[in-house]
Amino acid sequence: MKSNLNGQSILLLSLNGLFVFAAALSGTFLNVYLWKSRQDYAMIGWFNVSQQIALGIMVWVAGKWVKEHNKMNALRVGTAMSGLFYLIVLYTGPQAVNYIWPLGMLLGAALGLFWLAFNVIFFEVTDRVSRDHFNGWVGLLGSFSGIVGPWLSGWIIARMEDDAGYRVIFSISLAFYVVGVVLSFFLRKRKPTGKYNWKEPKQRLSQKGSMWRPLSLSLVAQGIREGVFAFLITLLVYVVTQQEWKLAQFSLITSGVSFFSFWAAGKWLKPHYRSVGMLLGAVLLVIVLLPLLWRVEYRTLLIMGIGTALFIPLYLIPMISASFDLMGTSEGDANQRVELVVLRELCLMVGRLTGTLIFLGVLSISKAPAAMIWLLIGLALMPVGGCFFMRNVLKMEQKTKQGTSHSNTRRWHKQTE
């Protein structure tokens with residue numbers, strides 16, 4: 001398929017690749033590092049709760065900065081704050097478990113700032129024609145990072161004594177974030193447009209017939225699954241195997257499969273297949289969890305991981321593309337793109353926070369492996385319900401004339417350059 005990406009899109013993809021690779025290098029083992037200091041699922045859960053709270057606050061507050069001032073600086077500060085997080089972890093060492101809330105809030109604020117600015121810039125440098133292709137490349141870079149990053153981290157950790165390997169990979173991630181900040185200066189500065197409307201998310205959800213109402217419910221459903229799966233799966237792999245190298249192997253295999261599946265989905269999953277693809281992907285993501293009901297071991301976790309990597313692009317790429325396409329259905333919506341990105345991120349945050357709080361609630365009742373597996377299955381069912389909320393949104397997208405949307409979006413983008 002012929003690429004529709006321009007120079008700015010490629011540069012933005014490069015920055016995304018650096019950020020994601022740094023996160024894959026250290027983030028995969030971050031929860032393991034904390035777990036080795038204190039074997040407490042609740043502690044890991046609260047660490048992620050603090051991240052989501054800070055992420056939500058930062059996204060809403062920073063929306064004014066991104067819209068009315070320099071969004072490139074927001075991107076740089078988010079990247080720099082991520083580096084600062086790992087610098088503090090390096091300094092505190094095993095005592096980092098005593099600072100779960102401030103560390104979690106620092107990391108959450110960094111992620112919120114980076115992804116808010118990134119998603120706004122992503123909307124501005126792509127259109128309906130190039131958006132799926134761009135998302136496919138984002139998935140490919142994420143999968144490649146997932147292949148190389150955890151494998152390299154596991155190899156380093158396995159060959160160094162005590163926590164020396166962790167200090168090395170955290171230092172490397174810090175260096176990548178610094179390079180990312182430098183690279184961001186080559187992105188074109190885009191003029192701010194309009195005033196930030198603090199109440200836009202609430203107003204948008206209050207409008208009867210607004211497509212953002214069903215979309216928001218679907219985003220929350222997606223976040224409920226993501227909030228727990230993002231940290232629990234890798235932690236379970238380590239708990240079961242007690243080997244960082246096994247976790248690296250798990251990430252290597254699943255990311256290799258994901259690399260292929262994102263490439264295939266980005267190439268062949270067209271807009272008119274989004275509805276079927278999302279529902280099929282969501283159902284298959286539940287089915288691949290069923291082997292864990294038989295036994296929680298490395299083999300069944302690997303089956304689940306491979307299945308998830310294979311099918312998640314069917315759900316994720318249409319979900320991302322549809323939400324961003326909805327931002328460009330009119331000139332008014334395009335001008336409110338910052339507020340709409342904030343709304344999108346807040347919905348995902350609410351979902352992730354809800355999922356993690358459900359995890360903590362179940363944990364307070366039972367810590368049995370069976371309880372956790374049933375919890376995972378229950379959370380994985382949420383996106384299936386989210387697909388039904390998306391039906392009308394996707395129907396509207398199919399009715400939108402591609403040529404008109406393409407030319408209009410190009411015109412709106414040109415006005416912001």
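Helix 2 (residues 41-68) has 28 residues, which at 1.5 Å a residue should span 40 Å; the end C-alpha atoms are 41 Å apart, in agreement with that expectation. The expected span of a helix is 1.5 Å times one less than its number of residues. The model is a predicted one, in which local features need pLDDT of at least 70 and side-chain atom pairs count only at pLDDT 80 or more, while totals for chains, interfaces and linings use all residues. Residues are numbered from 1 along each chain as its sequence is written, and side-chain values use heavy atoms, with hydrogens and water left out.

**Overall composition**

- The secondary structure of the protein comes to 18 helices and zero strands; helices (H or I, at least four residues) and strands (E, at least two) are DSSP runs, numbered from the N terminus.
- Of the 417 residues in the protein, 58% are buried; buried means under 20% relative accessible area, exposed over 50%, and partly exposed in between, with a 1.4 Å probe and protein chains only.
- The protein exposes about 16900 Å², of which carbon and sulfur atoms supply 66%; accessible areas come from the Shrake-Rupley method with a 1.4 Å probe, and for residues only the protein chains shown count as cover.
- Among the contacts in the protein with a separation of 6 or more, 87% are between residues 24 or more positions apart; contact means heavy atoms within 4.5 Å.

**The nonpolar core**

- The largest nonpolar core has 122 residues, and those with the most contacts inside it are Y41, F85, L232 and F359; such a core is a set of buried Ala, Val, Leu, Ile, Met, Phe, Trp, Tyr and Cys residues joined through side-chain atoms within 4.5 Å.
- Helix 4 (residues 100-125) gives the most to this core, with 16 residues.
- Not counting residues up to four places away in sequence, Y41 touches W35, L232, L235, L236, V239, F359, L363 and M372.

**Helix 2 and its start**

- Helix 2 bends by about 35° at A62; the bend at a residue is the angle between axes fitted to the seven residues ending there and the seven starting there.
- At the start of helix 2, a side-chain oxygen of D40 reaches to within 3.0 Å of the backbone nitrogen of A42; a polar contact is a pair of N or O atoms within 3.5 Å, where within protein one must be able to donate a hydrogen and the other to accept it, and residues adjacent in sequence count only if both atoms are side-chain atoms.

**Helix 6**

- The 21 residues of helix 6 (residues 164-184) reach 31 Å from the first C-alpha to the last, close to the 30 Å expected at 1.5 Å a residue.
- The buried residues of helix 6 include A164, G165, Y166, I169, F170, S173 and Y177.

- Helix 8 has 30 residues and reaches 43 Å from its first C-alpha to its last, close to the 44 Å expected at 1.5 Å a residue.
- A bend of about 35° occurs in helix 8 at F229.
- Helix 8 is mostly covered, with 23 of its 30 residues buried.
- S218 is found in helix 8 (residues 212-241) and is buried, with a relative accessible area of 0%.
- Leaving aside its neighbours within four places in sequence, S218 is in contact with Y315, M319, G386, C387, F389 and M390.
- S218 and G351 are 133 residues apart in sequence, and their C-alpha atoms are 9.4 Å apart in space.
- Q242 lies in the loop between helix 8 and helix 9 (244-268), and its phi is near 60°, a positive value in a residue other than glycine.
- Q242 counts as partly exposed, at 48% relative accessibility.

**Helix 12**

- L301 lies in helix 12 (residues 298-326) and is buried, with a relative accessible area of 0%.
- Leaving aside its neighbours within four places in sequence, L301 is in contact with L236, V237, V240, F250 and L292.
- L301 and P291 are ten residues apart along the chain, with their C-alpha atoms separated by 8.1 Å.

- Q336 is placed in the loop between helix 13 (331-335) and helix 14 (337-365), and it counts as buried at 19% relative accessibility.
- Not counting residues up to four places away in sequence, Q336 touches K67, N197, E200 and R204.
- L357 is found in helix 14 and is partly exposed, with a relative accessible area of 40%.
- Not counting residues up to four places away in sequence, L357 touches W46 and V49.
- L357 and W46 are 311 residues apart in sequence and 8.5 Å apart in space, C-alpha to C-alpha.
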